[in-house]
Amino acid sequence: MVSTMPVGGLVPTATPDAADLVVRNAKIHTGDRSRPAAQAIAVRDGRVLAVGDDQDTAPHIGPATRVVDALGRRIVPGLNDSHLHVIRGGLNYVLELRWDGVRSLHEGLAMLREQAARTPKGQWVRVVGGWSAEQFVERRLPTVSELNAAAPDTPVFVLHLYQSAILNRAALKAAGFTRDTPDPRGGQIVRGRDGGPTGMLLAAPSALILYSTLAKAPVLGDEDKKTSTRHFLRELNRFGLTSAIDAAGGFQNFPENYATVVELAKAGRLSLRIAYHLFPQTAGQELADLTRWIATARPEEGDEWLRLNGAGENLTWAAADFENFSQPRPELAADYEAEFEKAVRLLMENGWGFRLHATYDETIRRDLTVFERLAAEGLFPAGNRWLFDHAETVTEDSLDRIAALGGALSVQNRLSFQGGAFVRRYGIGAAADAPPLRAMLERGLTVGAGTDATRVSSYNPWVALHWLVSGRTVGDLIVRSPANRVDRCTALAMFTAAGAELTGEQDVKGVLAPGYLGDFAVLSEDFFTVPEPVIPHIESLLTVVGGRIVYAAGEYEGLDEELPPVSPSWSPVARFGGYQASGPGRGVRQAQLIGEAAGESGEHLQWRVRRGLAPQRGDTVVDPCVSF
């Protein structure tokens, strides 16, 4: 027995059913209604061997079994982000300065100034997503002058949501912007009185101007891409993520931009399970791309670590709306349905599922009309998994149509970061139902939850879980009504079991039960009992994927697998790390202390019961998501 904590009373025995890992003394939320709560879990060969109490797991403790004491902490099934740009994020992670979680613009600019001094000539400082001006105490964006002062000679690119990018003088030069550079379609180069670019780029409403400019920055070499991806996956493991569905996206070409995760998967070095999609990159060439992919690959090809899940989140560029809520809703081409229908028909006839980026109900209604035409030929529902992503303004009528066609949904906390812009454009009444979570769930639709990280939202899933249950933005603005929020149990299911359904893995993933994948997280705080403002500050102390300890902190530090050093050495991640953790305020901490005191009282009562000093009051293992 390899013990990492005191485990008095447990004696290893020679047994053919020995587990690789046993975690005990925990409050386990299994997600399994047949046994919703447990105290111990055993994993062997990547799968859950037993879940229950010490009596259930003790027979599986052999001489080589690693036994971990959870110290009474909450364990949940591994989180599954159903819409995360994890492949693209991994390729760039170590190049980016993260403002996720930073509380003030003053602090952010100090980080930027220090990083500019560390960055070698020819490289850029880039702040790409995961933050909003609403999170700063100053409630504003940095100015071009502030970027010039912080980095007079180093190119700086700061992306703000889907709305804008701010470039300093050096970045304008490096990107080739001059007074003669024309505005691209759907974008605007803000110009000064002399006609030259000021450094502000606007999505009007298309974000392609922002992403195409970012694409001009230097990229990593192949080996550094692997190291960057491994560190990004470790960062996701830090928050209890064990799976993600990659939504592809612009500037993510197949197969070249997928090569890094493919090579890591072959070497057994992924620490996060990835189901990926394929996204046609060139307008006018979408059908040719889809045809080629259908001839060479099949959905679900791969294994439990890396597998193809279908096409999307765009099928044809003309059918995609844009989600810049500071701009009016875009009007799509009047005739986009012709090519779009050909793409959908091609996929459905060949057994391919797909996901579709659709922010507005106006887009969703037009897409559904295409699907209903194909349904008349028997192509919907046909067993192919398909879903709409985002759907902030979807109506109940459209939800009924989605249900009738066998569709599903994936929602993200984009309004955690863009809630203020949405309210200013559409009003608090519209924001209260954006998206209509309750209406989706009441229809029995599968509704996965995710973040849409990394270029807009943060990849921290607890920020998204907080938004699901509280309806609040990162600036503490309440945008969703109480009637359109979900309880914590439902929110967690949206981040676990629902994601498994979206990849057809509901029989092996999303709950902790014998035979399921051994993916779970030991949390720093109990998600079910902490005050709401504490939820965004939860992290994992121990993350397990397939029985492997892939992240360890606190008392468990050093139990996880060693990673190569961050490379290049001047990387912002090497100096600042990723998400900038900051604890809740003093009032919240007081509430935490009261909760901890109550928890200690409960544990003391259980100690007295075990010794016959107090009467038994029923089961001591209770799952908060199940009523008895």
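I started with Phe251, which is partly exposed at a relative accessible area of 38%. My cut-offs here: buried is under 20% relative accessible area, exposed is over 50%, and partly exposed is in between, with a 1.4 Å probe and protein chains only. Phe251 is not a glycine, yet its phi is positive, about 65 degrees. I found Phe251 in the loop between strand 15 (241-246) and helix 8 (259-266). Helices (H or I, at least four residues) and strands (E, at least two) are DSSP runs, numbered from the N terminus.

Asp476 also has a positive phi, about 70 degrees, without being a glycine. I placed Asp476 in the loop between helix 16 and helix 17. Asp476 counts as partly exposed, at 49% relative accessibility.

Ground rules, before I forget: this is a predicted model, where local features need pLDDT of at least 70 and side-chain atom pairs count only at pLDDT 80 or more, while totals for chains, interfaces and linings use all residues. Residues are numbered from 1 along each chain as its sequence is written, and side-chain values use heavy atoms, with hydrogens and water left out.

**Cis peptides**

I looked up the cis bonds next. Ala204 and Pro205 are joined by one, with omega about 0 degrees. Pro205 sits in the loop between strand 14 (197-203) and helix 6 (208-214). Phe380 to Pro381 is cis as well, with omega near -25 degrees. Pro381 belongs to the loop between helix 11 (361-375) and strand 19 (386-390).

**Disulfide**

How many disulfides does a search of the whole structure find? It finds 1, where a disulfide is a pair of cysteine sulfur atoms within 2.5 Å. The partners are Cys489 and Cys625, with sulfur atoms 2.0 Å apart. The pair links distant parts of the chain, 136 residues apart: Cys489 is in helix 17 (residues 488-494) and Cys625 in the segment after helix 20 (586-610). The Cys489–Cys625 link is left-handed, with -95 degrees about the S-S bond. Is Cys625 buried or partly exposed? Partly exposed, with a relative accessible area of 22%.

**Inside**

Thr503 is buried, at 1% relative accessible area. I found Thr503 in the loop between helix 18 (497-502) and strand 22 (520-523). Leaving out residues up to four places away in sequence, Thr503 touches Ile245, Ala275, Arg307, Asn309 and Arg385; contact means heavy atoms within 4.5 Å.

Then the cores. A nonpolar core is a set of buried Ala, Val, Leu, Ile, Met, Phe, Trp, Tyr and Cys residues joined through side-chain atoms within 4.5 Å. The largest has 126 residues, and those with the most contacts inside it include Val86, Phe354 and Phe380. Helix 16 (residues 461-470) gives the most to this core, with 7 residues. A second, separate core of 24 residues includes Val43, Val51, Leu541 and Leu559.

**Whole protein**

I noted 20 helices and 24 strands. The radius of gyration is 25 Å, close to the 25 Å that the globule rule gives for 628 residues, so the protein is as compact as a globular protein of that length. That radius is taken over C-alpha atoms, and the rule is 2.2 Å times the number of residues to the power 0.38. Buried residues make up 59% of the 628.
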